Amino acid sequence: MNEIDLEIRRVLETEAESVEVPEGLADRTLSVALSSEPHTWRERVRARRDARDLPGGRASLPAMAVAGAAALLLVALFAVGSILSSGPEQASTLSGPSLLSGETRRESSTTSDAQAPDDLAEESSGLGAVAAPGPPTAPELARTAEIELKVTDGRFERAWSEANEIAGRHGGFVTESRTETSAAGDRIGSGTLTARVPTDNLDAALGDFRSLGTVVRQSSSGTDVSGQIVDLDARLRSARSQEAQLHELMERAQTVADVLRIRESLDSVRTEIERLEASKQGVEVRVAYATLTASLVEDTAAAAGGLAGALDTAIDVATTILRGLVVTLGALVPLALLGLAGWAVLRLYRRRRA
Amino acid sequence: MQPDSPTEQLLQRWVETYQPVVYRAAYLILRDREEAEDVAQETFIRAWRAAGRLRPGDEIAGWLYRIATNASLNRIRSRQRELRALTRLGSARAAPDDPFERRTDRSAVAEALDRLPDRLRVPVVLRYYLDLPLEEIARALGVRPGTVKSRLYDARQALAGDESIAAVAGGSA
């Protein structure tokens, strides 16, 4: 190893040693690790991937082949299912409460647990029984939902107005609302709004939206943020404990230099506490208020087929003809006046000659 | 929370033994104390979740360092995605100004190491701070050992070409 290598190593070690490990990091880590289990399918996949990364832990070729074949089969089944379930019938099946499709990711992860008891047995056999988790607590879910509706032609504005009131009726509020004019350019033809609704009222709000038109698409999902909250709580406890200790140190400080140094640390810890509190509040708001996105589109294609549509079209045509007549007459009036004036002049001229 | 079972005590030993090293290595890679702390936590949480498949004699340190490297690389990728998105929106801003990083007594070599791109700095930290062999670094980064060797060479060239390094190391490459 030459001098450059030695210098790089020296610098890295010096830099590393100058960095103090945050106080309480080990306790926080143990607290979170021992109190949480992987809940989402992503965490489970990651745990399996990390386990495969153990020395000698790579999956054997036959196992990999089986896993690959299983994955291909799942993809094929998913594709067939998507093809079979697409089409107009989907609108009617979406209206039932059974198809809150992402509701929730936790349900699907529970299903995969039941189907893979071998993994659980294998995981517990390595180091003896893994310590049983504490009493199960309800997960904290941040829910989101999307719904897309087609509204009968001519009724969009009323439906849109009502859509903007649904969130308020259920204790929520609209955060964003935008509209676009129709293809004809003469009125509003589509709109999208985003609202925050108390999570407990999300299903009721979605029901109100469904009554505004024909459901084209609906989905919802929940993200488990329990781990984030536990982690933020642990960090807050540690930071507050550190703040209390610093206050005690401040009481015993002897010199101005000590006071200034402790003051600087206190400011830093206080900033950290406020940041963590804000983060925790943000997560709690996400849990308390679900995010709902609703899109409404006027169904102009359906207008031609119905009686109401035919009547609307007839009125439109009659209006157009009337407007045309008024324009034509308006254009003819000056000409008529001119003609009348000319005729009057000619008659006067003839009478004088006679 | 005090660990009860032998397995929990084992986790506690892992944390006490390896977490300081993991934290410092993550800091050297990410240059951000908060993210280094996240990596230091995430590493052991993930290790704990995958620990059921451990066998006696398995080498723990390298495995933990691989998890830590993966967690650090995920954060680097997140940063890059965020920067690209902010650049597209026209609101890219400088990296957060961590007052802890503005020490004035850092060496020129340390500053030069900071200037290395992530692609080169990560293998440098794994090689020179964690003392991982090339094969382990390759496995952690998901590339071939030849690629690791090439990046380490490029990093040393970049540092050797830096005037401050050349002055410190007597100008040898």
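**A walk through a predicted two-chain model**

By contact I mean heavy atoms within 4.5 Å. Residues 169-173 of chain B also stay under 50, with ten such contacts. Where pLDDT is low, the predicted coordinates should not be read in detail.

Some ground rules, then. This is a predicted model, where local features need pLDDT of at least 70, side-chain atom pairs count only at pLDDT 80 or more, and totals for chains, interfaces and linings use all residues. Residues are numbered from 1 along each chain as its sequence is written, chains are lettered from A and ligands numbered from 1 in the order in which they are written, and side-chain values use heavy atoms, with hydrogens and water left out.

Back to confidence. Chain B averages a pLDDT of 77, and 69% of its residues score at least 70. Its lowest-confidence element is helix H8 of chain B, residues 163-168, with a mean of 52. The highest is helix H5 of chain B, residues 118-128, at 91. For the model as a whole, ipTM is 0.80 and pTM is 0.42.

Now chain A. We get twelve helices and five strands here; helices (H or I, at least four residues) and strands (E, at least two) are DSSP runs, numbered from the N terminus. Of its 354 residues, 29% count as buried. Buried is under 20% relative accessible area, exposed is over 50%, and partly exposed is in between, with a 1.4 Å probe and protein chains only.

Which strands pair with E5 of chain A, residues 289-299? Strand E1(A), residues 141-152, pairs with E5(A) in the parallel sense over nine bridges. Strand E3(A), residues 188-198, pairs with E5(A) in the antiparallel sense, also over nine bridges. To count as paired, two strands need at least two DSSP bridges between them.

Next, helix H11 of chain A, residues 256-288: its 33 residues reach 47 Å from first C-alpha to last, close to the 48 Å expected, which is 1.5 Å times one less than the number of residues. Its buried residues include Ile262(A), Leu266(A), Val269(A) and Ile273(A). An α-helix has 3.6 residues a turn, so residues three or four places apart point the same way. Among what covers the buried residues of H11(A) are E1, helix H10 and E5 of chain A.

On to the largest nonpolar core, with 64 residues. Such a core is a set of buried Ala, Val, Leu, Ile, Met, Phe, Trp, Tyr and Cys residues joined through side-chain atoms within 4.5 Å. Leu12(A), Trp14(B) and Val124(B) have the most contacts inside it. Its largest share, twelve residues, comes from helix H1 of chain B, residues 6-30. Val124(B) touches residues including Ile8(A), Leu12(A), Leu113(B) and Tyr129(B).

Beyond four places in sequence, Glu37(B) touches Pro22(A), Leu25(A), Arg28(A), Arg235(A) and Tyr23(B).

Note on methods. pLDDT = per-residue confidence, 0-100.
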